[in-house]
Every structure is written in structure tokens, then in C-alpha cells.
Amino acid sequence: MKKKQAVAEDKVEMIPPESSQEEQGGEAPVKAKRSKTEEVVYHPVKLSRSDLYRPPTAEELSQLKEAESLFHCSLLKMQMEELLKEIALSERRKQHIDSFIQTVTNLLQTVPESPEVEVSDLSWLSGAVKVPFLLVPKTTKGKFHMAPPASVDLIGSYPLGTCTKPRIMVDLAVTIPADVLHPKDVINQRYPRKRALYLAGLAQYLTSSSDIGTMRYSCLHGNRLRPVLLLTPPGKDSSSFSIRVHACPPPGFFRPSRFHPQRNNIRIEWYTELQASKSERIDPPTPHYNSSVLGDLLPRAHLQFLCAISSQCSSFANGVALLKVWLRQRELEQGTGCFSGFLASMLLAYLLTTHRISNTMTAYQLLRNSLNFLASTDLTVNGISLARDPDFTAPSLAEFHSAFQVVFVDPSGHLNLCADMTACTYKQLQHEASVSMQFWDNPTVDGFHSLLMTPKPMMRTSDHVFQLCELVKLQSSCKKLNLLSELMDHSGNYIHTVLPFILSLLQQGLGQRIRLLTHSLSPDPEWSVESDAPKHRDQPPLSFGLLLEPELAASVLERGPPADSPKASEFRQLWGSRSELRRFQDSTITEAVVWDAKTMCQKRLIPRQIITHLLQLHADIPESCVRYVGSMVDDVIKTGNEVHSTGEEESLLVVQSYDDLSRKLWRLEGLPLSITAVQGAHPALRYTQVFPPLPMKPDYSFFDREKTTRSLVPKEGKPCPAYVTPIKVICHMEGSGKWPHNALAIRHIRTAFHIRLGELLKKNHNYTCRPCPTHLDVWKDGLVFRIQVAYHREPQVLRESVNAEGLLVVRDNEEVQALEMATIHKPLLTSTLHGLQQQHPCFGAVCRLAKRWLGAQLFSEHITEDTADLLVASLFLHPAPFTPPGSPQVGFLRFLHLLSSFDWRNNPLIVNLNSQLTAADYTEIKNTFMGSRESLPVMFIATPKDKTLSMWTKQAPTVQILQRVVVVAAECLKLLEHQLMDSSQIHDIRVIMRPPLDAYDVLIHLNPKQVPLLSQAVDPPTVTFSRGVMTGGVGKSGGALPVIDYNPVSLYLEELREAFGDLALFFCDPYGGTVIAVLWKPKAFIPVPFKTSQASARSIEVTGEEVNTVPNVKAILEDFQIMGEGLVKSVEARTEKWSF
């Protein structure tokens, strides 16, 4: 046997793994043909018993210890390693890149010379190729001629080994010959113009080569003074990578001291083209211009510095790669003033040279320490420098701080690497690092996905977003703010000139209302070599994001300093005519600004009022240029004609009325047993009802009286009366030996309690009550409360039964589960979510938006109200990698993202209500889930009181419905985010609320007159119907009871499901939908043998001796019409699937 085993082992060959298929370009792995001499066959090593059980080596122990101490589990370590493999360049890709670099280098070295001309003379260029520069002013001094480059060198991430997918960019530095330049070219844009001309000359020469694919111009991180030439290879590799050609002066050609941030290199006289007197000729410093030119002198020195550092730290490249992924997911890696991959490399180099991290650390540790450093270090106040021994001409950190908002000095000591970065961008970077560190160590959070795999676009990260459109108007802002010197320093880029001043103004005005102010980073423009450089106004609108402070953001009062304070004049200057003196209750008289807002949805938009007022007053930006997209989606849940509301005020009225009823129930005397608890069990009592019940006053002329109870009954021929929602309240009675131990007897006792409660409420408070066996309806403050008496031992009694042998059997059943759900679980969920609403004021509004969308898309039967509320609660309790939503809109976007991206198949959604679950509970839930996945609901939601069953999703949704929800949510999210960010045209936000009906087989159109909730429809009709409600005022207590809980649509749907639930699925929007969509079940149309018990709605087919039945669709459609007589307008059959 052993001999056979050995032979079998000898035959096993371990084949070396192929390089993984590249994502970019979709290249298939190529199997290389090996010659006989090259053929390598690996055999498994046979280990002796001593080798097999020998103790682990020091390196193995180190890896085990690292996995245990650094990672929550070994899975995180493996995920990181897999990610690094995924983004690394394969050897095959590197060979393609090296080959193309060699081709380009050879071509560049053969560039022909041209005769010397004036810099402003472009006649030597063919008409096809343009200069990648905005020539403003038109002319400057100097001579230029074309010549082959002095050298062509690789710079940047590719030679350093930190170049990663998906955006592969290889940097090539082309050295402009020294005789083309002049030492004084740093003045008045002469060097940047010659640099642009040199690139245009290269482009003109390369256009004739078939070895180059496409050629385009771009700018390095959006800096118009530093254009670059983008080259791609020809053929199928054209989109897989690009070479970015930089034109640079010879090393050491310009003295670095010329670029001191306090020196001037652009003369006002030249820039304005106006003669100035000698006394006025004080040229201001041009630090941004200086740093742009100096940046071209140092790339080779920077590469040498980084190579020396990375050679000492084996994980340097992987650490930079992880940091770049982290930055890319947060949209901080590209654009003007970004924290680029180069800066990430420099940051790691700084931490290594200052011994804040060690050379032996892993990539994981490098990333962690980098984020920790960013979170705890404010470079806007205390800059850092890589320069060890700068020369005496190098500026001090204080001089850098006086010229730039963020300071990070390079190894030369002369260049600020963060010259173009605004303080707000760095604060955003700091905030993101801080948030990442907070959830990194939390064992209940999936750190890998939150940290490196979840994208964070501005629209989903910021609570409010607004855009500045018509950027050309910012020219007048420069005039208003008197920014000529800064405009000159930014070489006419008025957008980046005025941006820091706008940010500072908004920061001052919004103050404590916001935690963070962010702005979009203008993308690097790209254009054809045959086109002129795009104007500044051609870039996309500037977007700004606000992270709100929930407690303060909606305050209508901006209280200023006392009237006699020296700061009062500053306050008046900031707010202009809006500032006024006011006297407060504490007798102080101070400056104050009061904003116009009555309802919560108006108060949420107070930041909009502040922003438009300040921009108009101080920056001359009209309100028409500000596109505020903070609450566009809220429109779908707005009610009220004169004063709009999104439901907060109405919900508060319901809660106040319930609290009053609860107190009165507690105080009732004359009951045989005392009340032990009164609990709300309705979404309105936790602020999550889509359209909260409104106090109503019945119009008695609309109704007749029912003879015995004198209740209101609608007159014949009138439209369906307004829907009156019964608000469910559970009233627990104390335990006592007097309670019977029989289910039927308990029901009778509960009925007696309902009657007695009604009598006492009528006698003590004059409330109109109607007792029923299952509940008591109470008419109070224009609202109906449905009180249900509960006895805590009733579920146990229902579980018990006696079998045929006379033994007591305890068994769970559906009746018990329904009773526990109604009397225990729902009240508990309501009180818990009510508490969550108190912590997060917009929780209720997010739930209402989410449920409105689910209803509109016809999913509300399958994802119930309680399930939807729990899904939204998870966004607030487990927001990583975000902060809890601060506005309904951003919460709704994250809800769609959760639905569409969560891995429902392999993970439970754990909602840690009241933080009751520990890390051990999380592990237990996940293990139990994986162990019995097949028997659990497809959408599994675990809570502290329900760790193993997911009772909220036990019945629905099914696999097919969940797949449909995921697809529709993904499409709606994509469309909505596009609409919110696209300012080019007016969008209809309600598009995402209109369901695609083409997937359904039959549409049942309803008569709008008989749809009581018609006014809540996504597209409410222009014609409305009187529904027996008087406007203004609330019905008095003691009046006649209105028609309660009567909705013909839902009753009709119940009948349809009961009659035809085995043949079809029925979908309808519960909020005013006038269409019922029907989807036939595919299995229902398979012929089945004839049975008399199953002949309903079926027709008989005889084939030979076989007698089968199939659904009689024509008769079923007629039944739809007959069953809904008066309610159904028409039945439309859209497909004929059943005929196949």
C-alpha cells in the first residue's frame, strides 16, 4: 500500500501559477510554450516525521503573532494580500510598458531642430497642433527653437515600483536643452510658455509616427502652468496605460532661491499691460507661480530620494499602494490640490526618516501609522519638512505658512509639496483618517471593506451638497474681493484664486452648524493636441459638501456679540442687512440674525439661506449661480399646500396625543386589574410613518348614520372617504390567578377589558369609543387609537395542547408568533427606534423616504415597514466608513447603496440596537448563520432580541424578489446620483419613484375616485375628490366615530391574493397607487392532472387519454374585473406568456 502511495505522489506535478488576467484591457492569460531545456516540473517535497512536526521558525512565529495582534482575524490579512496582488502590475503588462517606453524614447531623441523665433511667433507649428497654454497676456519676451531633448528619463511611480491599477500612468521627463532656455525665463511666464511650446513641438513630431496611438494634452494635477503630453500605445493596448511626458529644465538650471515664496516673478506692469509709476511698482510675491516652476526642477532628485528610502523598507511599495487605494476611494487622489500618490510616497518617506515607523513594518502597519499621523497632525498649523540640512537660502516653515495654507516641504527645503492644496482639503483628509482609525479597531466592523473597498463619493458622504455653476461669474468675485495679486500669482485662474476666500467666508458664516466643509477637486482637463487649451470656465461646476452638526444646523437664530462689544462691527460686516439688535429673555441686547423657517424641512435648509446670502453679499455671486442639492429628494414625502412639511410636525402631534392618552390610561380607576405597561406599536409613534396620520374633522354632510351604533357611513355615490389610520397601542394588564388558563376564555376576558376601558374613557374624558373582541378604537384629538389588551401568559397558553394520549404538548405555532410579534416585538422595536430618532433627528425622514421608494417600486408587501426601519437603523448605528447621515437625502442614497451592494447571500445584517451586542455575539451570530444558511431567510437581519431567526424577514422577501430589489436599487442609485450632480439640465427627481411596469403580465387600473390615499401618489392627479374631511380644525372629542381603516384597494388586494395567490403575484403602491401589477407564476402554467378539488379558475385540456387542467386566463381576468366592481376601471393584459 505504501509503495502504491509513493508512486501516486511521484506523479503529482505542481504547475507554477500563471500571471492573473489583467483587469484593464481584458487580456487573457497566455500559456508560454517551454522548450525541453526550459521545462520545469515541481514535485511535492516529502517530509520526514521530524520535519513535519518541527517547531515553527522565528519568521513563521512572527507572521502568526502579526496575524493575531494586528488583524481581527487572519481573513483580514489575506484580504489585504489579495488586494495588493489585484492592483499590482503583472510581468506581462510591465513588458508591454517597457517596450512602449523604449519606442517613445527612441522617437523623442530624433526630434528635428527648428530655427530660432520669438516666443510669441507660432508660425513654425503646423496648424494641426496647438500650444497647450492659455496665452494671457498675449506676448512675453524671449526666443525659442526646437531641439532634441538633452535626456529622457523615467520618473514617478513606475521606476519606484508604486504604480498600481486601474489607472496606470507612466511618467517620462524630457529635459529641454539648456540653449533653448535662458536663466531669466522664470520671469513673466517665459519658462512655462517655452515648456508648453516644447511639448507642442514634440506632439507635432510624434503625430507622423504610427508607433503612437492617441495623443492628448492634460495638466499635472490641474495646474495650467504644467501641461503634459499623454501618449497611449496603438491597437488593443490603447486604453491599458498612458505615458505622461513632462518637459523639464536641466537639473540646476535655475537657482532655487529665485523661487522663495516671498519673491516676485510676475511683474504687475507686464500682467496688467498698464504703465505704473515708480512709487506704485511694488510687485507682490508670487508663491504659487514659483512653486509651479520649481516643481519641474526637482522630479529626478525626488525619485532618487524615494528610491533610497524604499530600498531600506521592503514593504514601502505595498504601503504606498494601500494608501493610494484608500485615497482613491475617498476621491482625494486626483485633481487640483489633491493628495496624490506622489504625496503618499513622500509622507511614508517622512515617517520613515523621522523614525515614526520602522523599516521592518508590514504594508498594513505602514497604512495604519500613516492614517494615524494624518488624523493627529494638522499641517495647516504645524507644517513638516523632509529637508535635513537645507541651505541658508531655503525658506523657513513660518515663511511657507505665510504663503500657503498647507505646508509639507520636500527634501531640498525649497518646495512646498502641498502648495495647491486648500486647508479644507487637508481637513477632509484629516477627518477621513480620523474616521478610519475609529472603526479600524472595532471587531464588529468589516474593516477591510469599509477602509479600502467602499467608494465615498461626495453625494453619499456629505449631508448637504451645493454647486457653483456659471464659473465665469467668479471673475466678478475677484474684483469684489480685490484679488489682483492672487489672480496674477495663479496666472489668471480666477477659480482657484477665489476658492480659498469663498471657503473661508463659508466657514466663518456656517460656524458651528457644520463639522466639515469640503469641495470637489477640479479634474485634470484633457483635450486633443489639435484643440486649443480649454478656458477656465469650461471646467465642471465646483461642488461643495457640508457635514452638518445635527443639533445646531437647523437653528433659526444666529446670536452675535453684545451691542457694545468691539466684535459687534465684525458681526454686522459679515451679515450685512440681515444683522439686527435683539433683546433676549435674559435681558441681554445683542446682534442677531434670524432666518425664515417654520417647519423642520425648512429649518434643514437654513445653511442654504446662509450660503446664498454670504456669497451674494461678499463675493457678488448671484443666487441663480448656486445650485443647492441638499434636499431635492425630500419633495416626494412633502405634504401641505401653504407650509410644506416632511412629516416631523405631524408625527410629533401624534406622539404628543399618544403620550396624553397613555397618561390617562395609567390613571384610570375602576379596572379589575391594574395596567402594567402602555406601549405604542405603530410606525407613526417612532416618526417613521411615510405620511403620518393627520388630525381630521369629519364633514357630516358627506355621511349617513348607522342605525345601531350611530357611526358614520359614507353616502352612496360619494367617493371613498378619507383613510383614517388606527394607531395601535398595546395595553398590558397585570398577571393574576384570576386569569383563566384557556385560550378562548382569555380572549373573552380581553374583550371584557376592551368594553370596560371604553366605558371609563367615555365617562372620564368623553372620548368616543368602539369596543371589539380584538381591540378598542378611541377617537381622540381627530386621531383614532386602537388599544389592544395583552396578557403576558397568553402566548404560553396558546403553545400548550393535549394530544390523543392525554399528554401536555408545548409547540410553537403561527398564532403564537403573530401574537408575540404584535404584543411584544413590535412595541419593543417602536420604543427602541423612537430613542434612535431622539439621537438622530433625520432618522424618521430617511425611513419615510426609504419606505416611499419601496412602495412606489411595488416592493412594500415584500420588504415590510419594520424591515425597512431596521435597514435604515443600521445606517445610523453602523455607518462605517461614513458618519451617521445628517440629512434625509444622504440617508436615502446610502439606503439604496446598502440594498444594492450588501452580500445578502453570505452575510447577516446585524443591527445592534441600544449597543447590546458584544463582539462575541457578532461572532456567534455569524457562525450560526453560516452553519444553517440554507434554512434561514434570504434577507437575514439579526437584532439583540433576535439573533438566530430573523423574524422580521421570515416570510418575505423571496430570492427572486430580493434580486429584483437589488437590481432596481442599483439603477435608481446610479440615476439619482447622476441627476443630483448634473447641473447641465433640469431633472425630474421623481423618475426613481416610477416603477418599470413592462416586466408585469397584467395591469389592473383602478378608479381614482375610490382610492382613498390618491393625494399621496408619486404624481398626484390635478383633479381631487372631496372625501368627507373639513379643512381647518380638529374633530371634538365625543363626536361620531368616522369610518376607520377602510381602504378598498388593500381589501381588494387581500381578496385577489386569497383567490389567485397560487397563480400570480400582485403588486401595488400602498400610497395612492392606481395600478395593481400582476405577475404570473411560471410553475402555475404547467398542465396538471385533472382533480375536481382543483378545478377552480382552470380549463380542461384532453390529450389522448390524459386529462389535464391549465389556468383559464380569460376567465381569471374577468374575475379580476367582477371582484373589483366599482373599484376596477379596466384590466390590461400585456403579455401572453401563458400561451407557450
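Guide: A residue counts as buried when its relative accessible area is under 20%. This is a predicted model. With a relative accessible area of 6%, F373 is buried. Y350 has 7% and is buried as well.

The rings of these two residues form a pair: the centres of Y350 and F373 are 5.8 Å apart and the planes stand at 50°, so the pair is tilted. Y350 belongs to helix α12 (residues 341-353) and F373 to helix α13, so the pair ties together parts that lie 23 residues apart in sequence. In total, the structure holds 28 aromatic pairs.

Helix α13 (residues 363-376) also meets helix α15 (residues 423-440). Two packed helices are described by the angle between their axes and the distance between the axes. For α13 and α15, the axes come within 8 Å and cross at roughly 125°. The crossing is left-handed.

On the α13 side, the contact is made by Y364, L367, R368, L371, N372, L374, A375 and S376. On the α15 side, Y426, L429, Q430, A433, S434, S436, M437 and W440 take part. Sorted by class, the contact of α13 with α15 has ten nonpolar residues, five polar ones and one charged one.

How values were computed: Residues numbered from 1 in each chain as written. Predicted model: local features only at pLDDT ≥ 70, side-chain atom pairs only at ≥ 80, totals over all residues. Heavy atoms only, no water. Axes fitted to C-alpha atoms, helices over the stretch in contact; angles between N-to-C directions. Helix = DSSP H or I, 4+ residues; strand = E, 2+ residues; numbered from the N terminus. Left-handed = near helix turned anticlockwise from the far one by under 90°. Contact = heavy atoms within 4.5 Å. Nonpolar A, V, L, I, M, F, W, Y, C, P; charged D, E, K, R; others polar. Phe/Tyr/Trp six-rings, centres within 6.5 Å; stacked < 30°, edge-to-face > 60°. Buried < 20%, exposed > 50% of the residue type's maximum accessible area, 1.4 Å probe, protein only.
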